[in-house]
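Student: Can we go through this one together? I'd like to start with the sheets and then move on to the helices.

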Amino acid sequence: MSFATISVIGLGYIGLPTAAAFASKQQNVVGIDINQHAVDTINRGAIHIVEPDLDKVVKTAVEGGFLRASTQPVEADAFLIAVPTPFKGDHEPDMVFVKAAAESIAPVLKKGALVILESTSPVGSTEQLATWLAELRPDLTFPHQAGEAADINVAYCPERVLPGQVMVELIKNDRVIGGMTPVCSARASELYNIFLEGECVVTNSRTAEMCKLTENSFRDVNIAFANELSLICAAQEINVWELIRLANRHPRVNILQPGPGVGGHCIAVDPWFIVAQNPEQAKLIRTAREVNDGKPHWVVNQVKAAVADCLSETGKRASEITIACFGLAFKPNIDDLRESPAMEIAALLSVWHSGKMLVVEPNIHQLPKKLVEQCELASVDDALQQADVLVMLVDHQAFKAIPGTQVQQCWIVDTKGVWR
Ligand code: SAJ
């Protein structure tokens, strides 16, 4: 076997499913994470994140002896780095976790090993990774020094899986393979072909890095177009949902859906990596980010206007008005609140509003710290009975199933067109 041991560094939303996918093909996999709780949980055959079907695959892999987790790096034939790459300061990519991963594997690197970076990273990061490793291991040669003859192969192979469908997309999606040399690409393809049903599409590392950033920026720009339309339509008193439905009847038009903003840890972050490296050129990409980041504030102003209307029509005081927010997750039918525009809106409203604030989020059991003091977690029925102003933030299936007859409120801010 050419990869007797595969080590995955970072056991989060991408690393753990990837480790489990290799282990499900009877590979010897060691997952490394600095989080002792994650390591202990995985070694019990359980998981510390929410992702459909991942629990079963991990349980079988651990029980079968193919997957184990550790906080200590081990020798391996292939290392996959899947650690977070957030941004810092003025949206600059923060590569601190990738650097730490390089430092952790450097002592256990041996001649012939393959190192793959999967984390979304700015262009040039794979070369940077190879440079860090070369500094730490002057006894080994790397592709930027020795080309095809290098002791260590290095490649960039971005993940492209959709949260909520990771276990399917990991196997079925095509994989972009960006080796620092053709040999690096060939070995990386060989590795992913262990579980991949999609195709390995080979390029160089810089193009692969840009490809990942391009995919998420493409989506961000398209969502920004829909969000901008929603602002224009509100000003023109046009129903944006109907407008998009009609425009999409054109054979070459396919507009995405507006919403409360763009959330999650990918699409709201990755375009900034392009902007940070190319501030002169990336005008559209930057503007799209600004449009999407501005949407929660626009929604808050819409709610303020609805409350003002409600006050003048009912004669109530602000402290007597109840607002109910429907949804906190960053997109429908998941429990992930990271970078969620719905959370941002609920938090801004809870600080501003002097009356009662209800939050309905069927996918969580307790409110996050940010909201716990000012808001109450409520059921759909309670919210519909008690609230004066309704704010629809996430089109969860459970909300779409509410019969229209149950929604009697006059003041509704519907960012997802559920109650249109
Ligand atoms: N959204 C809209 N309108 C739409 C579609 C999405 O407002 O029409 C919003 C969602 O509500 C959410 C945000 O955009 O707040 C992002 O959701 P998403 O479903 O578009 O994407 P993610 O962040 O869950 O996953 C993306 C995917 N990238 C692309 O589709 C190009 C996934 O394939 C990537 O692997 C993932 O980012 C990642 O890890 O980079």
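This is a predicted model: local features need pLDDT of at least 70, side-chain atom pairs count only at pLDDT 80 or more; totals for chains, interfaces and linings use all residues.

Student: What is the strand order in the open sheet of 8 strands?

Tutor: The order is β3-β2-β1-β4-β7-β8-β9-β10, with mixed pairing. Strands (E, at least two residues) and helices (H or I, at least four) are DSSP runs, numbered from the N terminus. Two strands pair if DSSP finds at least two bridges between them.

Student: Which strands stand at the edges there?

Tutor: β3 (67–70) and β10 (200–204) do. Each has a single partner strand, so one side of each is left without a neighbour in the sheet. The twist averages 25° from one strand to the next. Axes here are lines fitted to C-alpha atoms, for helices over the stretch in contact, and angles run from 0 to 180 degrees between N-to-C directions.

Student: How do β2 and β3 pair?

Tutor: In the parallel sense, over 4 bridges. Ala69 in β3 is the bridge partner of Gly31.

Student: Where is Ile32, and is Ile32 buried or exposed?

Tutor: Ile32 sits in strand β2 (residues 28–32). Its relative accessible area is 5%, so Ile32 is buried. The cut-offs are under 20% relative accessible area for buried, over 50% for exposed, and partly exposed in between (1.4 Å probe, protein chains only).

Student: What does Ile32 touch?

Tutor: Leaving out residues up to four places away in sequence, Ile32 touches Ser7, Val8, Ile9, Gly10, Leu11, Ser70, Thr71, Gln72, Pro73 and Val74. Contact means heavy atoms within 4.5 Å. As for Ile6, 26 residues apart from Ile32 along the chain, the two C-alpha atoms are separated by 11 Å.

Student: And where does Val74 lie?

Tutor: In the loop between β3 and β4 (78–81). Val74 counts as buried, at 18% relative accessibility. Not counting residues up to four places away in sequence, Val74 touches Ser7, Val30, Ile32, Arg68, Phe79 and Val108.

Student: Other sheet now. What is the order in the open sheet of 5 strands?

Tutor: β13-β12-β11-β14-β15, with parallel pairing. β13 (375–377) and β15 (411–414) are the edge strands, each with a single partner, so one side of each is left without a neighbour in the sheet. Neighbouring strands of this sheet are turned by 20° against each other on average, direction ignored.

Student: How many bridges join β11 and β14?

Tutor: β11 (residues 323–326) and β14 (residues 389–392) pair in the parallel sense over 4 bridges. Val389 in β14 is the bridge partner of Ile323. β14 and β15 also run parallel, joined by 4 bridges, and Met392 stands opposite Asp414 in β15.

Student: On to helices. How do α1 and α3 cross?

Tutor: The axes of α1 (residues 15–23) and α3 (residues 54–63) come within 9 Å and cross at roughly 50°. The two are therefore oblique to each other. Angles under 35 degrees count as roughly parallel, over 145 as roughly antiparallel, 65 to 115 as roughly perpendicular and the rest as oblique.

Student: Which residues make that contact?

Tutor: Leu16, Pro17, Ala20 and Ala23 of α1 with Leu54, Val57, Val58 and Ala61 of α3. They divide into 8 nonpolar, no polar and no charged. Ala, Val, Leu, Ile, Met, Phe, Trp, Tyr, Cys and Pro count as nonpolar, Asp, Glu, Lys and Arg as charged, and the others, Gly among them, as polar.

Student: What about α9 and α10?

Tutor: α9 and α10 (residues 240–247) pack at an angle of about 125°, with their axes 9 Å apart, and are therefore oblique to each other. Leu229, Ser230 and Cys233 in α9 meet Val240, Leu243 and Ile244 in α10. That contact has 5 nonpolar, 1 polar and no charged residues.

Technical notes: Residues are numbered from 1 along each chain as its sequence is written. Side-chain values use heavy atoms; hydrogens and water are left out.
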